[in-house]
Amino acid sequence: MALMGVVMAAAVTGCDVKRSFSMGLPRPATLQGKSAEELWVGSVIAALTVGVVVWGLILWAAFAYRRRNDEMPRQVRYNVPIEVLYTVLPFVIVAVLFYYTVMKENYIDKLSANPDVKVGVVGFQWNWQFNYVGENVQVTGKPGVPPELVLPVGQTVRFILTSPDVIHSFWVPSFIFKRDVIPGRINQFEVTITKPGTFVGHCAELCGIDHDRMGFSVRTVSDQEYRSYLDRMRAQGAGLQAAVPAGAPAP
Ligand SMILES: [Cu+2]
């Protein structure tokens, strides 16, 4: 019966078993996303463990010490071992979570000296422009036509984010990552993509009336397909068409 309930819930919510193991996150498509997923799953397990212990103690206390007669229960003041325990234990839990958060964050934020691929991402009201640095390929989204970003699997990809107008946010849910795109500032991050596929992306910062139109897609392919994609784009005249804003890397 319980199993049927779980199966029904999975069917109704449309979540497959694989997905439910990452506690609601999409399956990560990058090494960095995998790292974020581990942190999330570990934190949820820690929180649930604390929750189960606390709920158990509440229920146990409510049943074991329920009122049975009008007699006053024994009045106690301090229990030093328990007070020490519930002062020290939260500190230990926070310290462990803090340690893993810092370690994962350092890994996810790490920039390599020589990334294999550099993409200048310009977020503007209300679309995206992708400049493949050093490749002379520029792709700009048009109203109603979200741009596609093609990237190779297994290589280090550096994103260089700039904005000529307001704050946007570059978000690919399958990367388990988003980063703000801020005018007058260059934000960077790197990923190593682990699987081929097509992933949705979106601006994650309310940036004006047509914010909801700032979608894009990321298609990840083999290195060979990536090279031939760039050749094809160059042949179609996808070189520098529109000016890149100050600070943004040209294609
Ligand atoms: Cu935006």
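W40 touches M23 and L25, leaving aside residues up to four places away in sequence; contact means C-beta atoms, placed from the backbone, within 7 Å. This is a predicted model, where local features need pLDDT of at least 70, side-chain atom pairs count only at pLDDT 80 or more, and totals for chains, interfaces and linings use all residues. Residues are numbered from 1 along each chain as its sequence is written.

W40 lies in helix α3. Helices are DSSP runs (H or I, at least four residues), strands likewise (E, at least two), numbered from the N terminus. W40 has 17 other C-beta atoms within 10 Å, so it is partly exposed (20 or more would be buried, 12 or fewer exposed).

Helix α3 (residues 31-64) pairs with helix α4 (residues 80-109): their axes come within 9 Å and cross at roughly 170°. Axes are lines fitted to C-alpha atoms over the stretch in contact, and angles run from 0 to 180 degrees between N-to-C directions. α3 and α4 are therefore roughly antiparallel (over 145 degrees). On the α3 side, the contact includes L39 and A46; on the α4 side, it includes L97 and Y100.

The largest nonpolar core has 29 residues, and V119, V121 and L149 touch the most other members. Such a core is a set of buried Ala, Val, Leu, Ile, Met, Phe, Trp, Tyr and Cys residues joined through C-beta atoms within 7 Å. Its largest share, 4 residues, comes from β1. V121 touches W128, F130, F159, I160, L161, F170 and V181, again not counting residues up to four places away in sequence.

Definitions and conventions:
Parallel < 35°, antiparallel > 145°, perpendicular 65-115°, else oblique. Contact = placed C-beta atoms within 7 Å.
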